[in-house]
Amino acid sequence: MIFAANFKTNHTRQSTKAYLESLAFKLSQKRLEDRVLIFPPATALDRYEGDFTVGAQNAYPTRNGAFTGEIGLEQLEEFGIKTILIGHSERREYLCESQEKVAEKYRFFMEEGFEIIYCIGEPLEVRESGEKAVRDYLLAQFQGVDLSYKNVIVAYEPIWAIGTGRSATVEEIASTHAMLKTHMERLLLYGGSVKPANIKEIAAIEGVDGVLVGSASLDVESFSEMIFA
Ligand code: PGA
């Protein structure tokens, strides 16, 4: 299983350091086959010691240049960061990242050999329109995205389940993952209100290779409870 923690706009440099020190200690007991990925805010990127991988939540597809407020490859290389989240619904929605922009980022970081966690997910009105609408919507989010790239992990995160406390049902996750797996041969995470109370049933679903966790990852005790559930 893959356990990925997306801190979003939470934690400081100081609290991330304390979190990761505590996590590193706990992970000395982790199952060998499990992997842990942490996506802290950009200000907390650094080199950390421990059995986990630190990645960037976002970066601009450039080595460096004039892109006010953004970070590029040079800023990630300083800390040996080689993992990035691309396509998260909050960036698509609040930061107005179009599919074209998302695909451009994907291409850039693919060419740089990054491990990419590529996020897709449908809004509630699409889910309510039925399985075909969900399929069409999700597959459109692969436009311009080369899934033959070996170093990509896909994360399915229904937007209506993110940060709402309401996870998708086991049936919804199982059928969506099964559908997605007929279109790609990549590891597939589920994200959206994953927490200690539901990790066991979600992890047991066929086609779920791991989880991407927001809110319930912010507390190191809660996140490690899921890893060791
Ligand atoms: P959540 O967020 O766990 O708070 O629902 C998941 C995500 O956006 O990755």
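Trainee: Which residues form one aromatic cluster here?

Mentor: The general idea first: rings of Phe, Tyr and Trp (its six-membered ring) pair if their centres lie within 6.5 Å, and planes under 30 degrees apart count as stacked, over 60 as edge-to-face and the rest as tilted. In this structure the cluster is made of Y106, Y118, F142 and Y149. Keep in mind that the model is predicted, with local features needing pLDDT of at least 70 and side-chain atom pairs counting only at pLDDT 80 or more, while totals for chains, interfaces and linings use all residues. Residues are numbered from 1 along each chain as its sequence is written, and side-chain values use heavy atoms, with hydrogens and water left out.

Trainee: How many aromatic pairs turn up in the whole structure?

Mentor: The search finds 8. Take F7 and Y19: their ring centres are 4.8 Å apart and their planes sit at 70°, so that pair is edge-to-face. F7 is in the loop between β1 (2–6) and α1 (13–26) and Y19 is in helix α1, so the pair links parts of the chain 12 residues apart. For the element names, helices (H or I, at least four residues) and strands (E, at least two) are DSSP runs, numbered from the N terminus.

Trainee: Is F7 buried or exposed?

Mentor: Buried means under 20% relative accessible area, exposed over 50%, and partly exposed in between (1.4 Å probe, protein chains only). F7 has 0% relative accessibility, so it counts as buried, and Y19 is buried too, at 4%. Another edge-to-face pair is F109 with F114, with centres 5.0 Å apart and planes at 70°. Both F109 and F114 are buried.

Trainee: Now the sheet. What is the order of the 8 strands?

Mentor: Strands of a sheet pair through backbone hydrogen bonds, either parallel or antiparallel. The counting rule is that two strands pair if DSSP finds at least two bridges between them. Here you get an open sheet in the order β3-β2-β1-β8-β7-β6-β5-β4, with parallel pairing. The edges are β3 (53–54) and β4, each of which pairs on one side only.

Trainee: And which strands does β5 pair with?

Mentor: It has β4 (residues 83–86) as one partner, parallel, through 4 bridges. With β6 (residues 152–156), β5 also pairs in the parallel sense, over 5 bridges.

Trainee: Which way do the residues of β5 point?

Mentor: In a regular strand the side chains alternate between the two faces of the sheet. In β5, E115, I117 and C119 go one way and I116, Y118 and I120 the other, and all are buried.

Trainee: You mentioned C119. How many disulfides does the search find?

Mentor: A disulfide is a pair of cysteine sulfur atoms within 2.5 Å, and a search of the whole structure finds 0. C96 is in none, its nearest cysteine sulfur being that of C119, 17 Å away. That is too far for a bond. C119 is buried, at 1% relative accessibility, whereas C96 is exposed, with a relative accessible area of 63%.

Trainee: How many residues surround the ligand?

Mentor: A residue is near a molecule or strand if one of its heavy atoms lies within 4 Å of it. By that rule 13 residues surround the ligand, and the closest are K8, H88, E157, G163 and S215.

Trainee: Where is the place of Q57?

Mentor: Q57 is in the loop between β3 and α2 (73–77). Its side chain reaches the backbone oxygen of K8 at 2.9 Å and that of F39 at 3.1 Å.

Definitions and conventions. Polar contact = N/O pair within 3.5 Å; in protein donor to acceptor, adjacent residues only side chain to side chain.
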